[in-house]
Amino acid sequence: MTLELLEGSEAIAASAIAAGCRFFAGYPMSPFTGLLESMSRLLPAAGGVCLNAASEIEGVNMALGAAAAGARAATGSCGQGIALMQETIAEAALNETPLVVFNMARNQQDYFQATRGGGWGDYRTITLAPKNIPEAVEHAQLAFHLADKHRAPVIFYGDPLLAQTRVGVEIRPLDFGPLPPKDWALDGTRSGTGKSRQIWTWAMGKATQPGPGPDRHWKAIAAKFDAIAEVEARHEQRYVEDAETLVVAFGTAATFVEYVVEELRADGHRIGWFRPVTLWPFPGAALAQATAGTRRVLVFELNAGQMLDDVLIHAADRSAVHFIGGVSIAESGLAFGELMDAPVIRDRILAALGRETRS
Amino acid sequence: MTVIDTSQPPAGPARRVAEARPSLLLGEHSLCPGCGEPIALRLLLEVLQELDVVQRSIGVVGHGCYGSFVRIMDVDVLQCLHGRAPACATGIKRVRPDCVVFTLQGDGDMANEGLHEVLHAAARGEKITCIMLNNGVFGDTGGQLTATTVLGQRTKTSLAGRDAREHGYPIPVAELVAGLRGAAYVARGAVSTPGAVVQTKRMLTRAFETQLAGAGFSLVEILTMCPTGWFVPAREGPGYLGDSMERVYPLGELTT
Amino acid sequence: MERELVVTGIGGQGIQLLAKTLALAATREGRYAMLSADYGGEMRGGPSKASVVIGDGPLRALPVLASAWSAIVAHHRFSEPVLARLRPGGPVIVNRPLVDPASLPHMTVYDVDAAAVAAAADAPHAIGFVLLGAYNAVTRLVAPESLVSAMEEVLPPYRKQYAEANARALAAGADAVRPQLERAGEVVA
């Protein structure tokens with residue numbers, strides 16, 4: 001194995017390209033910019049195209065077009081730019097285009113945006129939240145696999161630490177199993193044959209080959225997302241067996257929590273952690289099981305309490321759930337604030353345990 | 001001017017022409033009597049066939065009355081979000097450079113919601129062909145003011161007529177696009193007279209030839225009748241178009 | 001074993017370049033490295049901090065270090081929060097006279113007048129590489145020749161003409177700290 005020292009953004013770009021991504025369009029915004037620059041540098045050599053979109057709206061629609069034509073295609077931004085893309089993300093869900101969206105977010109305040117969305121219609125977005133750069137490299141490929149597998153948009157939820165830290169990583173294509181053929185993709189070959197293709201949110205089909213129409217189509221889409229929820233929820237957990245206290249966190253914050261939990265266990269605390277790897281589908285059944293025997297469920301996230309909703313929905317005992325996270329932004333506005341720090345998290349957990357904070 | 005009498009079916013050879021249908025047309029349109037958009041669709045489909053590019057054609061269709069054409073055109077089609085067709089077409093063309101990629105948009109779609117997308121696609125010299133069906137109103141929602149509504153025109157949101165002090169001035173899309181270096185072919189046609197129909201078909205042919213030659217972006221703006229949205233009888237549509245829109249939006253080739 | 005280095009100074013001292021050089025040298029030796037940068041918007045004069053973690057297996061360290069084993073202190077300004085996280089006893093290279101060696105009584109301090117050493121090596125711009133040379137002589141985290149090749153690799157094309165001077169700076173930094181190492185009687189690593 002040969003490790004390359006890559007900035008997270010560069011590693012994620014290289015991994016996406018190793019997964020076959022051949023089209024990317026984006027609009028610069030820190031800390032997403034590094035991913036756009038890396039794609040711009042690396043994609044042409046791989047026979048792909050990276051376009052500097054004139055807006056996030058243009059970028060996401062370019063990517064939707066490329067994905068509709070059968071390419072593995074992606075766009076990205078930060079939460080603010082992803083906000084502009086909501087209509088198209090919903091459209092991709094409803095017209096079944098496998099679009100991948102990299103949210104190289106500035107913080108964890110986009111949980112609702114990713115899991116609830118702001119588009120119209122009954123849709124969901126599969127959301128992967130990697131905890132560190134090696135996992136981000138894996139998720140950059142898994143995102144395309146899941147998008148193709150389900151013909152649905154997938155959001156990759158990154159952050160400034162994943163974007164900007166450099167680590168030694170190995171980039172190689174990962175095999176997640178077989179996929180159905182993209183016989184739905186637009187390539188023009190069926191034009192004029194009487195069997196031309198149509199990608200349309202309303203799915204009304206052609207005069208000679210009527211489609212299901214909106215009512216049946218949208219019911220089918222809703223059923224598809226129910227099925228995805230059954231099979232794609234992923235989580236990680238540790239020390240659940242004997243934990244009196246379980247700390248729930250996602251993304252990089254979960255890595256910090258894991259570190260602190262190890263310290264606290266070394267000090268004799270019966271504590272464990274639970275991490276949703278997919279934010280949607282949220283691993284609710286697994287969380288219910290993990291919290292069945294715990295006295296406290298602590299939710300740590302760098303926002304005002306968003307994943308907290310999902311934990312409250314699924315925890316075995318709602319009254320055991322306590323929020324120990326909060327909004328925490330660097331002075332620049334572009335990165336995490338002081339809460340993303342092991343000693344601070346340790347203090348918050350200890351405070352929640354009702355013990356005196358150790359210095 | 002001469003107005004074609006459509007109160008009776010045409011007789012003889014004229015009837016055969018009227019009833020001939022390009023094989024890419026899968027069925028009847030469902031738009032209003034006197035609408036110009038089905039004529040533009042027919043020209044588009046005929047040109048794709050005559051250029052022998054049918055089985056590598058992909059269309060991206062926006063939102064307006066013409067959106068229903070996705071059901072009757074035997075072409076691979078992406079029905080996209082309002083205004084975004086040039087962006088989607090860009091993505092398609094970049095990953096399938098051998099395909100012939102076009103957009104079908106209205107004035108509300110291209111000049112209101114999506115002016116940004118068409119201008120940037122043109123400036124990039126994107127090798128796609130964009131077709132704007134310009135009738136100066138939002139036809140699909142019943143005749144409201146668009147960016148191309150001409151001064152003085154009455155719409156449901158400019159009841160006393162478009163007043164520049166209140167509603168600003170109309171946007172000449174073809175002229176805007178023609179001002180960009182990436183645009184290799186820009187023309188404005190109409191479907192209001194037999195001569196204009198013939199001329200517009202030639203423009204569409206040249207636009208697609210421009211794309212096939214890889215020369216850059218091409219746009220054909222087509223003035224179409226919307227008697228329903230204009231609140232005039234169907235048979236008066238062509239005349240009204242000539243008296244109002246055509247005076248503001250001159251026909252002809254702007255960039256070749 | 002994981003070793004953490006924090007580097008603190010001000011923009012223009014070559015903080016980011018020296019940290020990247022060390023991380024790349026370790027990577028090229030087949031080891032795991034992590035490099036985190038934290039610097040202000042200004043190219044010069046603002047705070048510039050970096051951390052490097054090197055290990056023989058996948059790293060456990062967080063991208064915001066909870067604590068660190070060693071440090072290079074190129075300037076006293078902005079250094080306080082970084083130094084507060086040092087574990088007592090670890091090696092610290094300080095840039096004399098900008099940093100007072102006596103200011104870190106709980107650490108094993110080595111002081112180098114990086115500006116003077118760089119000037120004497122005819123590499124006056126390469127203060128950062130003098131400090132890195134000294135640091136690596138003390139800690140022996142990577143082979144000296146790995147540092148030189150990593151330095152050549154990280155230089156952007158328009159800076160390649162500095163490669164030889166930078167190599168001299170790395171060697172001069174190691175030489176400058178050697179008498180203190182010998183006095184201590186052993187290598188810290």
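**Helix 4 of chain C**

I take helices (H or I, at least four residues) and strands (E, at least two) as DSSP runs, numbered from the N terminus. The model is predicted, and local features need pLDDT of at least 70, side-chain atom pairs pLDDT 80 or more, while totals for chains, interfaces and linings use all residues. Residues are numbered from 1 along each chain as its sequence is written, with chains lettered from A and ligands numbered from 1 in the order in which they are written.

I then checked the length of helix 4 (residues 127-139) of chain C: at 1.5 Å a residue its 13 residues should span 18 Å, and its end C-alpha atoms are 18 Å apart, which agrees. The expected span is 1.5 Å times one less than the number of residues. I found 13 of the 13 residues buried, so this helix is largely enclosed by the rest of the structure. Buried means 20 or more other C-beta atoms within 10 Å of the residue's own, with C-beta atoms placed from the backbone.

**Core**

I looked up the largest nonpolar core, which has 267 residues; those with the most contacts inside it are B:I92, C:V130, C:L131 and C:A134. Such a core is a set of buried Ala, Val, Leu, Ile, Met, Phe, Trp, Tyr and Cys residues joined through C-beta atoms within 7 Å. Leaving aside neighbours within four places in sequence, I noted that the contacts of C:V130 include C:V112, C:V117 and C:A169. Contact means C-beta atoms, placed from the backbone, within 7 Å.

**Sheet in chain A**

I traced an open sheet of five strands in chain A, ordered 12-14-13-16-17, with mixed pairing. Its edge strands are strand 12 (235-238) and strand 17 (321-323). Strands pair if DSSP finds at least two bridges between them. Strand 13 (residues 245-248) and strand 16 (residues 296-299) of chain A pair in the parallel sense over four bridges. Within strand 16 of chain A, A:L298 stands opposite A:V247.

**Chains B and A**

I recorded 34 residues of chain B in contact with 37 residues of chain A. Helix 3 of chain B gives the most to the side of chain B that touches chain A, with eight residues. I also found strand 9 (residues 198-199) of chain A joined to strand 2 of chain B by two bridges, running parallel. The bridge partner of A:Q198 in strand 2 of chain B is B:V77.

How values were computed. Buried ≥ 20, exposed ≤ 12 C-beta atoms within 10 Å, placed from the backbone. Contact = placed C-beta atoms within 7 Å.
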